[in-house]
Amino acid sequence: MLKNYKVLKGTASALALDDDNDPHIEIRIEANGISYRIALNVRSKESPHDLLYANIVDFKHPALTEALEELPMGLTDIRKDRPELAIDYVRGGLIEREDMNVAPFQLSGPKNDLRDFIEPIVQERIADSDVHFYAFGEAWGPENNKPDQYFHFEPGNGIHDIHMNQGDGGSFKATNGPNQDGALLVHFNDTDEWAAIFLCFQSQNWNTDAATGHPVSDGRGGQGRGEGTRRPQPIVASSLRIIAALINPVNGAGGTEAETVTIINRSDMSASLDGWKLEDENGRTQTLSGTLEAGELRTIALDARSGGPQLANKGGDIILRNADGAVADRVGYGKSETANEGWTTIF
């Protein structure tokens, strides 16, 4: 597990590129008169060396971004002071492996390597007080009487491990953990737009234990999320939750697919389903009825032929609405959860 999982908020003042055996893009950040360095990995020490990368240029996640705007400049201790800001690639719903592409550190040609993606974001915004950088990762320093290696300010301190921090094996396994992944978010205050950069290594496994962050199976690296995701968004308090779905069932007679969604009444009282609806991300709904007793599970067969929800194998969301039409639960799944025909996805 990371020792000092924090987020750094500040403005960019300089950029450097190192070309050693462990190359990084180095960004100097200023916050309340203190200088920091962001060290972005751009090449893996282990094979395959090229990283997985996603640059979301119109990043939208109000719950996270509004909270970040309220942070003071400088370092915020996530575990100690703001645990709700923790990022988890596998379970958080912010990013999926299928959203990421392989990008080499440096390659001739335009917009085909990590430097081409990251450099312009920084270079064009150096010394721009209207652009705030938010780096999630492991903090180091202050290193008194030791100038920074690249920008020579003193004391040296900053943020590294700005990438997925779970699913590692071998020598990196000790730093695995849930809810401690790194990322770089950029807020353009003048237009109130956000960009987000997510990085991970191809050797990292996305099927991880929810308690330790260790790989569930050493032979299943890079297949995507090992479980479904409860989407982070405002929902009404509800005793009913979606706990599973059969998204890619074995084809029946005539090629029919018997997709199902399983819900639970987690309360100690019976709950009416009358007027409740299941909905897919395209707005197709199916009305429910009956009663769920305390602790009871019910598996509901989706009726696509009558215009009901359809669960796309490429990934999507499943929504549960109460009788008033409010969202009581919303879960998501990626393409990886549909790879094994006939398997049920757990949320």
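The model is predicted. The chain contains 3 helices and 21 strands. Of its 347 residues, 49% are buried.

**Overall make-up**

- Strands number 21 in this chain, and helices number 3.
- Taking contacts between residues at least 6 apart in sequence, 65% of them join residues at least 24 apart.
- Buried residues account for 49% of the chain.

**Aromatic pairs**

- The structure has 4 aromatic pairs.
- One of them joins tyrosine 89 and tryptophan 206 in a tilted arrangement, with 6.0 Å from centre to centre and 45° between the planes.
- Tyrosine 89 sits in the loop between helix H2 (78-81) and strand S6 (101-103), and tryptophan 206 in the loop between strand S10 (193-201) and strand S11 (229-230), so this pair ties together parts that are 117 residues apart in sequence.
- Tyrosine 89 and tryptophan 206 are both buried.
- Tyrosine 134 and tryptophan 194 also form a tilted aromatic pair, at 5.4 Å centre to centre and with 35° between the planes.
- Because tyrosine 134 belongs to strand S7 (residues 131-143) and tryptophan 194 to strand S10, the pair ties together parts 60 residues apart in sequence.
- Both members of this pair, tyrosine 134 and tryptophan 194, are buried.
- A cluster of Phe59, Tyr89, Phe198 and Trp206 is linked by ring pairs.

**Tyrosine 89**

- Tyrosine 89 is placed in the loop between H2 and S6.
- Its relative accessible area is 1%; residues under 20% count as buried, and tyrosine 89 is therefore buried.
- The side chain of tyrosine 89 reaches two backbone atoms: the oxygen of glycine 182 at 2.6 Å, and the nitrogen of leucine 199 at 3.2 Å.
- Histidine 163 is 74 residues away from tyrosine 89 along the chain, and the C-alpha atoms of the two are separated by 9.4 Å.

**Serine 35**

- Serine 35 is part of strand S3, which spans residues 34-41.
- The relative accessibility of serine 35 is 10%, so this residue counts as buried.
- A polar contact of 3.0 Å connects the side chain of serine 35 with the side chain of arginine 28.
- Leaving aside residues up to four places away in sequence, serine 35 touches Arg28, Ile29, Glu30, Phe153 and Asn157.

**Largest cavity**

- Rolling a probe the size of a water molecule over the atoms shows where empty space is left.
- The count comes to 1 cavity of 30 Å³ or more.
- The volume of the largest cavity is about 40 Å³.
- The residues lining the largest cavity are Asp280, Glu281, Asn282, Gln310, Leu311, Ala312, Gly315, Gly316, Asp317 and Tyr333.
- Strand S19 (residues 315-321) supplies the largest share of this lining, with 3 residues.
- Sorted by class, the lining has 3 nonpolar, 4 polar and 3 charged residues.

Technical notes:
Residues are numbered from 1 along each chain as its sequence is written. This is a predicted model: local features need pLDDT of at least 70, side-chain atom pairs count only at pLDDT 80 or more; totals for chains, interfaces and linings use all residues. Side-chain values use heavy atoms; hydrogens and water are left out. Helices (H or I, at least four residues) and strands (E, at least two) are DSSP runs, numbered from the N terminus. Buried means under 20% relative accessible area, exposed over 50%, partly exposed in between (1.4 Å probe, protein chains only). A polar contact is a pair of N or O atoms within 3.5 Å; within protein, one must be able to donate a hydrogen and the other to accept it, and residues adjacent in sequence count only if both atoms are side-chain atoms. Contact means heavy atoms within 4.5 Å. Rings of Phe, Tyr and Trp (its six-membered ring) pair if their centres lie within 6.5 Å; planes under 30 degrees apart count as stacked, over 60 as edge-to-face and the rest as tilted. On a 1 Å grid over the protein atoms alone, a cavity is a set of points where a 1.4 Å probe fits but cannot get out, and a pocket is an open set with protein on both sides within 12 Å along at least five of seven lines; lining residues have an atom within 4 Å of a point. Grid points are joined across faces, edges and corners, and a volume is the space filled by probe spheres set on the points. Ala, Val, Leu, Ile, Met, Phe, Trp, Tyr, Cys and Pro count as nonpolar, Asp, Glu, Lys and Arg as charged, and the others, Gly among them, as polar.
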